[in-house]
Amino acid sequence: MTQTQTEFPFQDRFRDHATLGFVDWSLRGIGQVVFQNNPLTGLIILLALFFNSAVYGAICILGVVVATATAILLQADRGLIRDGLFGFNGALVGLALVAFTSADFRSGAVPSFHMTIYIVFAAAMTTIAFSTIATLLGPHKVAALTSPFVLVGWLFLFAVLKFAAIEAGPLAKPVSPDQYDAAIAYALPTWYMGIGNAIGQIFFQDNWIAGYLIVIGIAVNSRISAGMALIGAAGAALVAGLFGGPEGAIRDGLFGYNAALTAIALGGFFLVLTWRSFAYTLFGIVVTTWLWASIAIFLKPIGMPVLTSTFVLVTWLMLIGQYGFKALVPVPPAEATNPEDNRARYLRGLR
């Protein structure tokens with residue numbers, strides 16, 4: 001193995017490349033949606049989106065490229081740009097705007113010229129929102145997470161209704177559990193499709209196979225994070241089932257996508273993975289599942305989707321609160337890499 005290969009792992013080979021660097025940063029941005037700073041993870045996730053819908057795959061690229069390019073033009077912190085941290089909210093807002101204005105949620109519709117311009121501005125705005133929220137949260141040692149996406153996504157989805165040049169669509173996807181038939185019985189597909197769909201729904205993919213492909217992408221960078229994603233999605237399905245959640249909402253993964261993100265964030269990424277932090281994570285999964293239903297009911301009268309607001313709220317509360325609990329070991333956002341590395345550094349410090 002050459003010195004260059006030793007110093008720069010495969011996933012970092014193109015990070016500072018003159019022409020491929022931007023591609024690397026953009027792919028990292030896609031991976032950062034699920035806390036994976038790895039371009040290969042981002043590529044696999046992108047392929048999972050294309051597996052479900054070429055429209056969603058293309059829109060994901062548009063969103064992450066615009067958000068990342070905006071950060072470069074505004075001369076944002078280069079380290080954050082290289083880690084893809086300015087790109088992931090842009091990818092999500094582009095996907096959301098297409099998903100909730102298309103007649104077919106599963107495949108999405110090719111956006112009109114006006115909608116494309118709208119997506120470009122929304123993606124650029126997430127970069128500004130990310131910088132603002134990260135600055136405000138900096139003293140608390142808590143990451144912005146997907147809050148820029150939630151804020152910009154809600155505002156831009158509201159505004160769609162006021163512009164005749166932008167087709168608002170039928171909002172065909174149910175946004176609340178009470179929009180599903182409560183009489184349908186649970187069956188085997190409820191669970192295995194529900195878990196896969198929950199992970200797919202993080203990227204607005206109503207396709208359980210795509211969800212499991214995303215898990216594979218996560219596992220390329222962190223097997224612990226991949227396991228946590230599955231635990232979060234499965235835990236949410238179990239909690240929803242035990243409390244009588246409608247079969248359709250469980251099968252569609254609506255109870256689980258926020259819980260999967262909470263599980264990844266708390267399960268080794270922002271907290272060193274120990275049995276205590278694992279129990280803390282399980283608690284977060286349960287609460288996130290319940291609060292998805294709560295916020296969904298609250299937003300239903302105005303027709304707005306929950307997006308990842310439940311994940312953001314629960315994770316912020318549990319991460320800010322953990323600084324008062326000696327049983328937990330925090331990992332500051334600037335030092336968080338992946339659960340394996342975080343735990344290895346912690347164990348070395350105990351020697």
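This is a predicted model: local features need pLDDT of at least 70, side-chain atom pairs count only at pLDDT 80 or more; totals for chains, interfaces and linings use all residues.
1. On the H11 side, the residues involved are Met228, Ile231, Gly232, Gly235, Ala236, Val239 and Ala240. Their partners in H14 are Phe278, Leu282, Ile285, Val286, Thr289 and Trp290.

2. Two packed helices are described by the angle between their axes and the distance between the axes. H11 covers residues 223–242 and H14 covers residues 275–299. Their axes come within 9 Å and cross at roughly 50°. The two helices are therefore oblique to each other, and their crossing is right-handed.

3. Helix H14 also contains Ser277. Is Ser277 buried or exposed? Ser277 counts as buried because its relative accessibility is 0%. When neighbours within four places in sequence are left aside, Ser277 is in contact with Leu271, Val272 and Leu328. Leu254 lies 23 residues from Ser277 along the chain, and the C-alpha atoms of these two residues are separated by 25 Å.

4. The crossing of H9 and H10 is left-handed, whereas that of H11 and H14 is right-handed.

5. Which residues make the contact of H9 with H10? H9 contributes Tyr192, Met193, Ile195, Gly196, Asn197, Ile199 and Gly200. H10 contributes Trp208, Gly211, Tyr212, Ile214 and Val215. The residues of this contact divide into 8 nonpolar and 4 polar, and no charged residue takes part.

6. Helix H8 comprises 14 residues, 147–160. From its first C-alpha to its last, H8 reaches 20 Å, which is close to the 20 Å expected at 1.5 Å a residue.

7. Ser147, Pro148, Phe149, Val150, Val152, Gly153, Phe156, Leu157 and Val160 are buried. Which helices are included in what covers these residues? Among them are H6 (88–99), H7 (113–137) and H15 (309–322).

Terms used. Residues are numbered from 1 along each chain as its sequence is written. Side-chain values use heavy atoms; hydrogens and water are left out. Axes are lines fitted to C-alpha atoms, for helices over the stretch in contact, and angles run from 0 to 180 degrees between N-to-C directions. Helices (H or I, at least four residues) and strands (E, at least two) are DSSP runs, numbered from the N terminus. Angles under 35 degrees count as roughly parallel, over 145 as roughly antiparallel, 65 to 115 as roughly perpendicular and the rest as oblique. A crossing is left-handed if the near helix is turned anticlockwise from the far one by less than a right angle, and right-handed if clockwise. Contact means heavy atoms within 4.5 Å. Ala, Val, Leu, Ile, Met, Phe, Trp, Tyr, Cys and Pro count as nonpolar, Asp, Glu, Lys and Arg as charged, and the others, Gly among them, as polar. The expected span of a helix is 1.5 Å times one less than its number of residues. Buried means under 20% relative accessible area, exposed over 50%, partly exposed in between (1.4 Å probe, protein chains only).
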